[in-house]
There are 2 protein chains.
Amino acid sequence: MEHRDWMVLGKQVSDWIKEAADQLRDSLSLPLEISEKSAHNDLVTNMDRSIERYLVEKIRTAYPDDKIISEEGYGDGVKDKTGVLWLLDPIDGTLNFVMQKRFFAISIGIYENGKGKAAFIYDVMGDELFHCLTGHGAYQNAKKLPKLTEVTIENALIDLSATWLKPNRRIDEEIMTDIVRRSSGTRAYGAASLELAYVAAGYLDAYFTMRLSPWDYGAGLILLSEVGGCYSRADGTPIDILEKTSVLAARPGLHAYIVDHIQKQVKKGKIISEPK
Amino acid sequence: MEHRDWMVLGKQVSDWIKEAADQLRDSLSLPLEISEKSAHNDLVTNMDRSIERYLVEKIRTAYPDDKIISEEGYGDGVKDKTGVLWLLDPIDGTLNFVMQKRFFAISIGIYENGKGKAAFIYDVMGDELFHCLTGHGAYQNAKKLPKLTEVTIENALIDLSATWLKPNRRIDEEIMTDIVRRSSGTRAYGAASLELAYVAAGYLDAYFTMRLSPWDYGAGLILLSEVGGCYSRADGTPIDILEKTSVLAARPGLHAYIVDHIQKQVKKGKIISEPK
């Protein structure tokens, strides 16, 4: 493999994302073609496909040996983590894109032999790019993000969807009850990459979900690592970046506290079930 | 009472809010003095007090006969709705202000003899002013908001805090379960005035909470009325703007659907309890 200049790549990818974002903003005045995927609230639009195709072509032209896992199917059938792997979501938060025309993001995470190397999460309408090259610090636009410090559960803002607090297929609805009740409050924004970026930026103290795909969390986990944040599956075991998975991401200390809480609930017989 | 020129008032209040917002933005680089009120997540800062004092003085100077109900105690002991009444929250979303330094709002609603006349909800960091003079249309900055149309529960984004889905003092945790499960998804932003403005702007289809004070909802309800939105207490009965109350605000049709759902749950013996 050629020696890669990650600084050059960082500039390239930022430029591609800004160009893709211009296309997205321009599209907001045009009619949107919307189809349902697995469910009435699992949507794909012509713009998801169009932006993914645009970005995949850019990546393939500049880095033809790299592999791509992306949401709408223009990527590769990736079986292993060797080489450089791009995890790409052209529009994370498609429901927000369709219904709110705001609070959606372009998310790109890049791994080399399984290790996070670069992350880009761009809030298109907020014009806010969260980004990092591993080892060089994480940024919110031009502002460097400080390392994350610890916080108690009583002073924590937790992001989690109401889905996981009511009967569902992935987690006993009682498992997170005490976390919700002890925390300062809960939030839910509906765009996983931005919610992970918000943990990295300190706007949220933890983010929890039972079901994400590699393109949803790929960039967010790299960004989070760069500021000293912690992440794992709900039960504390490691995330495999080729798999759908639960994700618990949080400040250090708080992550351990929530994992411990969930493990105790599981020991008492409550059920969690990883997505397939 | 003097004849009031509401257009002049609209311009005045917008100017006061922008000036107050400048003070708030300037304060973000300075240390914040934070105290707890009723609970560890019910906070007040020196800036809540300072902004309220600033706005109350502006109102008292320009409109000395008006009455004011405000969050931090610089207002009046108001017993009835005659005359002109201002419902003022200097920082709605104080927890967001303290923890995120974003997603908080200045909220001012003005009633005359109990009828909504003018509303101003300003997202300070997003520089987004939702405003209306009753009868003249509602606006998001300079953009006129269209009248709200109907939506089914399956296509609805519902904003409600996880608090109301777990054991709490105000509502049986099961009452909203089916609403959550049938909807397209749930959101929670943590600033009631903005969440009500988001319903008015069509970013959310419904907002539900069991506990708000007049300064939290005063402006939002006026804005919502102006675009044809519906609101009531959780059980469908009218809101008294002098009282703490539950609030269900939604698009027409969806509001009736959710009220009907809640009333059926109450008939089955489930409990809701208005705040005092």
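1. How far apart are the end C-alpha atoms of helix 2 of chain A, and what should its 17 residues span? The model is predicted, so local features need pLDDT of at least 70 and side-chain atom pairs count only at pLDDT 80 or more, while totals for chains, interfaces and linings use all residues. Residues are numbered from 1 along each chain as its sequence is written, chains are lettered from A and ligands numbered from 1 in the order in which they are written, and side-chain values use heavy atoms, without hydrogens or water.

2. Helix 2 covers residues 46–62 of chain A. Helices (H or I, at least four residues) and strands (E, at least two) are DSSP runs, numbered from the N terminus. The expected span is 1.5 Å times one less than the number of residues.

3. The N-terminal end of helix 2 of chain A is capped by Thr45(A), which has a side-chain oxygen 3.1 Å from the backbone nitrogen of Met47(A). A polar contact is a pair of N or O atoms within 3.5 Å; within protein, one must be able to donate a hydrogen and the other to accept it, and residues adjacent in sequence count only if both atoms are side-chain atoms.

4. The buried residues of helix 2 of chain A include Met47(A), Ile51(A), Tyr54(A) and Leu55(A). Buried means under 20% relative accessible area, exposed over 50%, and partly exposed in between (1.4 Å probe, protein chains only). Among the elements that cover these buried residues are helix 1 (6–27), strand 4 (84–92) and strand 5 (105–112) of chain A.

5. An unreviewed UniProt entry lists Glu71(A), Asp89(A), Ile91(A), Asp92(A) and Asp216(A) under "binding site". They are spread over 146 residues of sequence yet cluster in space, with a largest C-alpha distance of 9.5 Å. UniProt positions follow the numbering used here, feature names are shortened, and annotations may be inferred rather than shown by experiment.

6. Asp89(A) sits in strand 4 of chain A. Asp89(A) counts as buried because its relative accessibility is 0%. Contact means heavy atoms within 4.5 Å. Leaving aside neighbours within four places in sequence, the contacts of Asp89(A) include Glu71(A) and Asp216(A). A polar atom of the Asp89(A) side chain lies 3.4 Å from the backbone nitrogen of Ile91(A).

7. Asp92(A) is also in strand 4 of chain A. Asp92(A) is buried, at a relative accessible area of 4%. Not counting residues up to four places away in sequence, Asp92(A) touches Asp216(A), Phe104(A) and Ser193(A), among others.
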